[in-house]
Amino acid sequence: MTLSSLLVQLLNGLAGASTLFLVAAGLSLIFGVTRIVNFAHGSLYMLGLYVAYSSVEHLAASIGFWPALLLAPLAIGALGALVEVLLLRRIYHAPELLQLLATFALVLIIKDAALALWGAQELFGPRAPGLEGAIQILGRRFPVYDLFLIAAGPLVLLLLHLLLTRTRWGTLVRAATQDREMLGALGVNQAWLFTAVFALGALLAGLGGALQLPREPASLELDMLTIGAAFVVVVAGGMGSLPGAFVAALVIAEAKAVFIWLGVQHIGGAEVDFPKLTLVVEFAVMAAVLVWRPWGLLGRPHEATRAPSAPELPLRPVGRAASAGWAALLLVLALLPLLTGGGSYATVLLADIALAALLAASLHFIAGPGGMHSFGHAAYFGAGAYAAALLARGSGLPLPAVLALAALGGAALALVYGALCVRLSGVPLSMLTLALAQITWAVAWQWDAVTGGSNGLTGVWPPEWLAEGARFYWLVLALAAAALYALRRVLFAPLGWALRAARDSALRAEAVGLHVRGVRWAAFTLAGLVAGLGGALFAYSKGGVAPDVLSVNRSVDALVMVLLGGVQQLAGPIVGAAAFTWLHDSVARASEYWRAWMGGAMLLLILLFPKGISGFTQYWQARAAIKKRVNEVPA
């Protein structure tokens, strides 16, 4: 560790901060005006890099490197405008989570489109003419192109500031950020304003990707990596604040640079590998900021918005006919192995659906009736899985004790994380759950001595008496049914009524004597208990556990299940888990481009069933009941 090496690392951090700011600035603009959390923004960054590669490869010889490179962000901006007009404009009045699901479907489609057009291999672009080579800084070489990137971020911030403060269009954008309804009342065409803002945000993402062409290869993994970092910067800086995004990008990038410079250190007799901590430093920074200032470094407090056209419907107990139908379905599922054989693929798929239903239902419990939208619910599912694996391998406890303790492990983690999360609401709450889940994933990924690191833990199988035939399937089915029924009963118990009251109006709930944070905390912990049970059964069903069980992708899958089934229906998470698991299984085996098919199916379901599959069924049942009553009225 020398002063020169620290300076070089800090300069590297500045270059990374500029790129990160370009992506985060577009995401912040889009959210500030449209209130859409654009999950596909990282995909636009990835496309910017790919399009820049093809543009430079085919056009640089005729029009020059820089004109060819800058065609990429223009193309991505045009694509963003097209996406806004054809898709997002149709769902602006839909619930926020449904908008998130639509943009996640775009992630799947864009990834497979890139796979089809450019292949799976990494693509390396040429050096930037005029900016090749390196300069000497305190005896160390530093790339000239990185100096150019360092200047690009502040320059773009200045241009955006001038655009938003010195032009009429910028005034309208700032007005839309403050009060969209008033802007519409003044006669401003909000539709085209939203299109222009989304196109500008997409252009900035594409510019960030294109400028990385001489610096890093184009890769299909960049979309999820980039969107996670961009979310962190936007939320930590303050939603809708461009200066806040710039400051947050600087803080996070420089923190990573310092950690890399520190290397491996011995502190208090323990060896600390600081470069490994760069996996979580950005999420740790965001978590600390949100706990201290829920609205971000330079953001302002704002109330979570609710879609006026989609009010929450009251939950109603199912009737006798529906109860009989669920009982009949459970009986059919229990008898199925007797018809198909205990080891048939159908029972394996149904067991996977039951485990997915546990994860989705536990998330629905806090996201629907509780109004707490979690982007990191896989943390409690994974905690249960790892606890079961560790207990099964080292404790010698019987299976029932392992399952019980593993479920309590999920509840314990939810108890700790919930203490921080229930203080927040809206996007800050979602982002804090994401940050905490990513920290948990990083611990599992790196703690080789306990979790097995990236290899995970294996050799976790049910005891012999339970592994025969369909016995384990029956166990999964019975425990899943019992847990789902228990969650349903809780929703119609005092805790469930208090939870919905806190969701609908926290101030009124407090006024009548409810301890809103305590109610939310209890619900959060109960959801972790059910998710932990699902994770424990998952570990036994798969023979082990790996860090991907804690990943953001699994949390997003759970959210997709809830939204597909319907947030406002008790049957929603079960229906959504069945539909998602079956679609994923059948499409993934049928096509190399299964993500695009999945994304297309999800978009179709969103447009056809905006209230989810279960909500669509409930809607037609209600219509039929009303029509029947009308026909019964005497003329």
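Reply: Let's start with helix α13, residues 345-367: 18 of its 23 residues are buried, so α13 is largely enclosed by the rest of the structure. Buried means under 20% relative accessible area, exposed means over 50%, and partly exposed is in between, using a 1.4 Å probe and protein chains only. Please keep in mind that this is a predicted model, where local features need pLDDT of at least 70, side-chain atom pairs count only at pLDDT 80 or more, and totals for chains, interfaces and linings use all residues. Residues are numbered from 1 along each chain as its sequence is written, and side-chain values use heavy atoms, leaving out hydrogens and water.

At 1.5 Å a residue, its 23 residues should span 33 Å, and the 32 Å between its end C-alpha atoms agrees with that. The expected span is 1.5 Å times one less than the number of residues. Helices (H or I, at least four residues) and strands (E, at least two) are DSSP runs, numbered from the N terminus.

Now for a pair of helices. Helix α2 (residues 41-63) packs with helix α4 (residues 96-118) at an angle of about 15°, and their axes are 10 Å apart. That makes the two roughly parallel, a term for angles under 35 degrees. The axes are lines fitted to C-alpha atoms over the stretch in contact, and angles run from 0 to 180 degrees between N-to-C directions. The crossing of α2 and α4 is left-handed: the near helix is turned anticlockwise from the far one by less than a right angle. Among the residues that meet are S43, M46, L47 and Y50 in α2, and V107, I110 and W118 in α4; contact means heavy atoms within 4.5 Å.

In the loop between α1 (3-34) and α2 sits R35. This residue is not a glycine, yet R35 has a positive phi of about 65°. R35 is partly exposed, with a relative accessible area of 21%.

Finally, look at the strands. β1 (residues 134-137) and β2 (residues 140-143) pair in the antiparallel sense over four bridges; pairing requires DSSP to find at least two bridges. I135 is bridged to F142 in β2, and Q136 to R141.

Conventions
Parallel < 35°, antiparallel > 145°, perpendicular 65-115°, else oblique.
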